[in-house]
Amino acid sequence: MDSLPPLQTAFLFIIPLLLLYGVVSQHRRKLPYPPGPRGLPMIGNMLMMDQFTHRGLTNLARKYGGLFHMKLGFSHVVSVSCPEIAKQVLQVQDHIFSNRPATIAASYLSYDRADMAFADYGPFWRQMRKLGVTKLVSRKQTESWASVRVEVDSMVKAVAANTGKAVNIGELIFTLTMNITYRAAFGSKNDGQEFSKLLGAFNLADFVPGVRWIDPQGINKRLVKARQSLDMFIDKVIDDHMQSKIEVNGCDETTTDLVDDLLAFYKEAANATGNEDLHKPIQLTKDNIKAMIMNVMFGVTETVASSIEWALTELMKNPDELVRAQQELASVVGLNRPVKEIDLEKLTFLKCTLKETLRLHPPIPVVHHVTYGDTEVGGYNIPAKTRVMINIWALGRDPNSWEDPERFRPSRILDDGAPDFKGNNFEFIPFGSGRRSCPGMNLGFYALEMTVAHLLHCFNWELPDGMNPSELDMSDVFGLTAPRSSRLVLIPSSRLLCPIV
């Protein structure tokens, strides 16, 4: 039997493939978007933007489900607030959901996304992430930063000087974390910026580009002012470090900080050669260095400060848990000396207290991703370039995953099979999960442990003006983070039997 000509043979394979592609494409076109609130023509759901907070999105999820869809102008937006969908987004299809939104604020404040926090997923991001993890925020690097211990000791002394008086502990905590970060990064201190509010704000110009020049919310002016202040500070820091290297004439220095590490890598990358792009070191520019510094400055300062303040707030609201945490400290450490770093691993209940705080008050309550291409989740169509809002706050309070989810109960972390926050239990991901999980997790938790352990061990605490624990204000302010709406004020009294030096 004669064989078919090559062209006909090819058609026998191509035509079924084309038919299959048509069926699949038709099926995908028929897939609906997830359910969600009905929008208006042209503007979609823009009039609902005041509800795009962690609490507002949770309320909407109760009506429309753990995956719901909205339109902002011509842009698709979906919200995720149940663990099963979060697993699809952050693990099963992580490669599709691995980009970050290129908002006006993120692009401008990160020097056109020259960093690891906002850069699109790809070779550049992978190498920036590797640089950040290995040289900036690894646990080994964290423990070598004497600034953590120095600043915690300084804060303890400040509190000790005001025993018996009302102390704005929230302000002290923010100053502490800012000083830890800035001293470790730059060898100096500086005032904070309003980056969290700008990065967390919903800007109409992100969804309706034609209104950017109008600046209806006044965000552009704030961005310029914040960036100018940052540029002046970081440029001076970099110049000072480069000058100091010249002055020591190549001699080894015993103390280095984040900027020293970045500049050293900058020099190494500039001198290195490679044959393959994937293995060739990235060529750092000054903007890369500045953007990485910005990541650490604002990624650590506000998130850790908020977590420390919420931990103390929850303990003051739940005095039985406070007593148990202090009893463990007295048993493990004793009242004749302060807490040491080697004590932290033995403080099991303290760790549970901090993890329970992170469940109820994640450092970043809503994490934003963008789809790389078209995909399907839960039987629904998710188009390319869809903004995905993952409600970490709602996941930690999911009633199907947690018993009595609104209650602060640290002992639940001791239960068999209790989830951990490393990113594989999607009902508890305060540091995110997958490719874009927080690289500063170890640094953040280390600073959280050190600070709370010292404050609980060195002092007893009371609420001012005879306030009852049930009267504590538990409201928050939404931005990139969600700190308390008012600073925590407490009255300390000495607890140790030895002087606080």
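In the predicted model, the side chains of Arg 359 and Glu 356 form a salt bridge with an N to O distance of 2.9 Å, a salt bridge being a side-chain nitrogen of Lys or Arg within 4 Å of a carboxyl oxygen of Asp or Glu. Both residues belong to helix H15 (residues 348–360) and lie three residues apart, about one turn of the helix; helices are DSSP runs (H or I, at least four residues) numbered from the N terminus. Arg 359 is buried at 1% relative accessibility, and Glu 356 is buried at 0% (buried, under 20% relative accessible area; exposed, over 50%; partly exposed, in between; 1.4 Å probe, protein chains only). Glu 356 also forms a salt bridge with Arg 412, the closest N and O atoms being 3.0 Å apart. Because Arg 412 lies in the loop between H16 and H17 and Glu 356 in helix H15, this pair ties together parts that are 56 residues apart in sequence.

The structure holds 15 salt bridges. One of these joins Asp 343 to Arg 337 at 2.9 Å, N to O; Asp 343 is buried, with a relative accessible area of 2%, whereas Arg 337 is partly exposed at 24%.

Helix H17 (residues 441–458) comprises 18 residues, of which 17 are buried. The loop between helix H16 (392–395) and H17 contains Asp 416, which is exposed at 82% relative accessible area.

Residues are numbered from 1 along each chain as its sequence is written. Local features require pLDDT of at least 70, side-chain atom pairs count only at pLDDT 80 or more, and totals for chains, interfaces and linings use all residues, while side-chain values use heavy atoms, with hydrogens and water left out.

Technical notes: Helix = DSSP H or I, 4+ residues; strand = E, 2+ residues; numbered from the N terminus. Expected span 1.5 Å × (residues − 1).
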